[in-house]
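Reader: Could you take me through one part of this model up close? I'd like the sheet and the helices around it in a single connected answer, cut-offs included.

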Amino acid sequence: MENVQKKIDELVKSKDVLLFMKGSPELPQCGFSMTVSKILKDLNIKFHSINVLEDEEIREGIKKYSNWPTIPQLYIKGNFVGGCDIVKEMYQKGELQKILK
Amino acid sequence: MAINKEELLKLLKLGFPDAEIKIDDLAGDNNHYAASIKSSKFKGKTRVQQHQMVYASLKGKMGNELHALALTTEEK
């Protein structure tokens with residue numbers, strides 16, 4: 001279990017913009033994951049994504065890592081930004097665009 | 001894998017006694033809700049912290065019995 005947390009920590013810190021989601025940006029498997037990847041695409045943000053459906057350890061581990069019970073989860077420069085509701089709200093208010101500059 | 005609206009409201013009220021709470025059952029299936037919560041407990045907290053507080057009040061139900069809860073939190 002500790003190894004998973006370490007692996008997640010390394011992953012999160014290795015990418016500028018990292019989205020943990022269900023499915024892929026091309027083929028999202030959940031409406032909330034689709035919304036967040038659409039927003040990032042719409043802003044022309046280059047991002048990496050991890051499909052949690054392919055890795056049960058990561059799927060459960062990421063919820064512990066951020067103390068956040070749901071997927072998707074967006075990380076920018078190593079920091080947890082939020083799930084679908086927060087990303088949407090930040091996008092609508094122009095805040096996401098600012099921190100991604 | 002569902003939770004009814006009354007139970008959801010009860011848990012939120014316990015967690016946020018002073019809050020103005022509005023809940024919508026989005027799909028009519030007791031599994032997809034939208035809630036907006038206005039509470040003084042959110043003062044000085046980031047959005048992530050505010051949502052974490054709401055999830056904590058649901059005692060592990062979020063992501064399990066409850067699949068979807070679109071949240072809007074606001075300071076009172």
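Author: Helix 2 of chain A, residues 31-42, lies across strand 1, strand 2 and strand 3 of chain A, and runs at about 160° to strand 1 of chain A. Helices here are DSSP runs of H or I with at least four residues, strands are E runs of at least two, and both are numbered from the N terminus. For the angles, axes are lines fitted to C-alpha atoms (for helices, over the stretch in contact), and values go from 0 to 180 degrees between N-to-C directions.

A quick word on the ground rules: this is a predicted model, where local features need pLDDT of at least 70 and side-chain atom pairs count only at pLDDT 80 or more, while totals for chains, interfaces and linings use all residues. Residues are numbered from 1 along each chain as its sequence is written, and chains are lettered from A and ligands numbered from 1 in the order in which they are written.

Now the sheet under that helix. In chain A, four strands make an open sheet in the order 2-1-3-4, with mixed pairing; two strands pair if DSSP finds at least two bridges between them. Strand 2 (48-51) and strand 4 (79-82) of chain A sit at the edges with a single partner strand each, so one side of each has no neighbour in the sheet. From one strand to the next, the twist averages 25°.

Let's follow the pairing along. Strand 1 (residues 17-21) and strand 3 (residues 73-76) of chain A run antiparallel and are joined by four bridges. A:Val17 faces A:Ile76 of strand 3 of chain A, and A:Ile76 also has a bridge partner in strand 4 of chain A, namely A:Asn79. Strand 3 and strand 4 of chain A are antiparallel too, joined by three bridges. Their hairpin has two residues between the strands, and A:Lys77 takes a positive phi near 50° there.

Over to the other helices. Helix 1 (residues 2-14) and helix 3 (residues 56-66) of chain A pack at about 80°, their axes 9 Å apart. That makes helix 1 and helix 3 of chain A roughly perpendicular, a label for angles of 65 to 115 degrees. Helix 1 of chain A brings A:Val4, A:Gln5 and A:Ile8 to the contact, and helix 3 of chain A brings residues including A:Ile58, A:Gly61 and A:Tyr65. Contact means that C-beta atoms, placed from the backbone, lie within 7 Å.

Notes. Two residues are in contact if their C-beta atoms, placed from the backbone, lie within 7 Å. Angles under 35 degrees count as roughly parallel, over 145 as roughly antiparallel, 65 to 115 as roughly perpendicular and the rest as oblique.
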